[in-house]
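Open the model in your viewer and keep the selection panel at hand.

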Amino acid sequence: MQYDWNFGRLLPYVHAFAVGTITTIGLTAVIIIVGSVMGIALGLILATRTGRLILYPIVDLLRALPPLVLLLFMYYTLSEDVIGFAVSAFWVAAIAMSLNLAAFVGDLVRAAIDNVPRAATDAGYAIGMTRRQLTRHVVLPHVVREVIPGLTVLYIGMLKMSTLASVINVTEVVYTAQTVISEVTRSLEVWTVVGAIFVVLVVPATYAARRIERWVGRGPAAQ
Amino acid sequence: MNPEVGGANEMIVASGLRKTLGTHPVLYDLSFALRRGEALGVIGPSGGGKTTLLRCLSGLELIDDGKIRYWDSIELEASGNFVRLNDLNTGRSTSATDRGLASLRRDVGLVFQAYNLWEEKTVLENLTLGPTVVLNEGRQMAEARAMVLCERFGLTAKVRNRAGQLSGGQKQRVAIARALMMKPKVLLFDEITSALDPVLTFDVMGILRDLQQGDMSMIIVTHHIEFATSICDRLMFLTDGGIVQLDEPHVLRRAPATPQVQRFLEILASAR
């Protein structure tokens, strides 16, 4: 291979990459916060029989749609032509991917609630807990423990999936990379930098996720 | 005498209890009383309604018909689809809400056959969660009481262990301690020695004997006939949701009311 690597050509774009990285992190953070809040609320509703009947078709639809299709659909829906005012590309991406994340988080939370052992709830009722006390002190800790591993996988996946926002011109890392390539024509170097940025972001996040999983799984008890 | 219990001679009076699970009648017109300080044993074949009876008495399951009076103060009354809680002191009657039933369950301790501990919580958390959340007791006070019970039940070295890490015998002792932490007026035990080996069974029996000597009113569902005979003041033979015989242990063993009771007692005796 006789490729002549030249990262020096990218030096003028360090700031652009930094801004792109910050946008990627910001977009992911918004998606995680909004998607999780919506997902937890959805999960609580899905845990009821009526909620399941009403909302599962919507959840299934959201889960069936490829994220890119959902993103483009939202991009053209949240436009001046349709709703009368324009939503910025960043927020279109945030809303579309939050909906996608919420569908998965909702199902995760619903499954965790369904999996609370009957023995644990019976024990709570037997010592005189009300339904609310039981939810707060028995069901919730169980649900948190159950959903954390699944959530960390979804969150890290969302960090990578945020690159889809580049197709609707959100100036995140991939969009920045494409702009830089159009100016310096050093594709391999640019994608190497993008890859390195994601490794730097994802690997520590993965380690942190594993630590959280271990901490939640083990709890404070003596071993 | 517990002032809250007043001078009631009966801690539980059940009249005409009926309970159907699905289409299967589990309790059928069942009436009996648990006297103050009495240990009442319940024996009978599996599927005879013993566990359902305890769950109904503890308020975990609602009866379909009948009345349960608790220490002259509260009455759970079911008729058709309506279940009401009657306050016998004030004459007030309300429908059996989540809050009302919770307040009743607080005073009727139930120890489960399968322990039903919160496996991910520590022994100390299992013991203190009820008092702090339900009784609004301070954490320090609850922990101090828990430590006294742990000492009494030989669990001091395990207080910081998660319940899931304990052996069967230890779990059962934690389950009994958890029920006692709520200062119940009545304790119900559901086959608590069925999963334990003879040594651990002996251990748990010792605890129940202590409780009996402390004047605790108890209903003990068991297949351990020797134990039931030695600790219980009366024995109830329950089958197909109905009481076949309710007598003092020596009477029941000497003069079984039906061939079915006699056969059952013989099987239990030969199994030991």
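Two strands pair if DSSP finds at least two bridges between them; helices (H or I, at least four residues) and strands (E, at least two) are DSSP runs, numbered from the N terminus. This is a predicted model, in which local features need pLDDT of at least 70 and side-chain atom pairs count only at pLDDT 80 or more, while totals for chains, interfaces and linings use all residues. Residues are numbered from 1 along each chain as its sequence is written, chains are lettered from A in the order in which they are written, and side-chain values use heavy atoms, with hydrogens and water left out.

Select β11 (residues 234-239) of chain B together with β12(B): the two are antiparallel, with five bridges. Within this pair, B:L238 has B:I243 as its bridge partner.

Now widen the selection to the open sheet of six strands in chain B, in the order β8-β9-β10-β3-β11-β12, where pairing is mixed. β8 (108-111) and β12 (242-247) of chain B each have a single partner strand, so one side of each is without a neighbour in the sheet.

Finally, show both chains. The contact takes 27 residues from chain B and 24 residues from chain A. Select A:D122 and B:R55, whose side chains form a salt bridge (2.9 Å, N to O), that is, a side-chain nitrogen of Lys or Arg within 4 Å of a carboxyl oxygen of Asp or Glu. The count between the chains is two salt bridges.

Key
Contact = heavy atoms within 4.5 Å.
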